[in-house]
Amino acid sequence: MNDSFFKKIESKTGVPMEEVFALANAIQNANFNDERQVRKIVRKVGKLANKNVPQHVEDDLVNSIVKNGSSVNMGDIQKMMGN
């Protein structure tokens with residue numbers, strides 16, 4: 001992909017592509033059975049999305065992801081986030 005494509009994404013989202021790539025790498029290499037690792041990813045996603053994730057929602061997300069291991073249901077996550 002060319003640099004202008006990434007610049008357009010950065011200008012529309014306000015998120016530097018380095019952070020997106022770092023998050024993608026963390027998710028790709030994550031052990032979804034490790035609560036601490038999952039919690040870090042949930043916090044990072046919230047930060048990148050510029051969303052305040054209340055503690056109880058974070059706990060629900062982390063518990064759901066850890067319980068299901070590598071199976072992450074994006075629909076459930078969106079419901080918990082209130083979207």
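**Helix packing in a predicted model**

Author: From the N terminus on, the elements run α-α-α-α-α, and the chain has five helices and zero strands. Helices (H or I, at least four residues) and strands (E, at least two) are DSSP runs, numbered from the N terminus. This is a predicted model in which local features need pLDDT of at least 70 and side-chain atom pairs count only at pLDDT 80 or more, while totals for chains, interfaces and linings use all residues. Residues are numbered from 1 along each chain as its sequence is written, and side-chain values use heavy atoms, with hydrogens and water left out.

Reader: Why are α2 and α3 called roughly antiparallel?

Author: The axes of α2 (residues 17–28) and α3 (residues 35–48) come within 11 Å and cross at roughly 155 degrees. Axes are lines fitted to C-alpha atoms, for helices over the stretch in contact, and angles run from 0 to 180 degrees between N-to-C directions. Angles under 35 degrees count as roughly parallel, over 145 as roughly antiparallel, 65 to 115 as roughly perpendicular and the rest as oblique. The pair α2 and α3 is therefore roughly antiparallel.

Reader: Which residues make the contact of α2 with α3?

Author: E19, A22, L23, A26 and I27 of α2 meet I41, K44, V45 and L48 of α3, where contact means heavy atoms within 4.5 Å. By class, this contact has seven nonpolar, no polar and two charged residues.

Reader: What makes α3 oblique to α4?

Author: α3 and α4 (residues 55–68) pack at an angle of about 130 degrees, with their axes 9 Å apart. This angle makes α3 oblique to α4. The contact is made by E35, V38, R39, V42 and R43 of α3 and by Q55, E58, D59, L61, V62, I65 and V66 of α4. By class, there are six nonpolar, one polar and five charged residues in the contact of α3 with α4.

Reader: How do you know whether R39 is buried or exposed?

Author: R39, which lies in helix α3, has a relative accessible area of 13%. Buried means under 20% relative accessible area, exposed over 50%, and partly exposed in between (1.4 Å probe, protein chains only). R39 is therefore buried. Leaving aside its neighbours within four places in sequence, R39 is in contact with Q55, E58, D59 and V62.

Reader: What share of the chain is buried?

Author: Buried residues make up 25% of the 83 residues in the chain.

Notes
Ala, Val, Leu, Ile, Met, Phe, Trp, Tyr, Cys and Pro count as nonpolar, Asp, Glu, Lys and Arg as charged, and the others, Gly among them, as polar.
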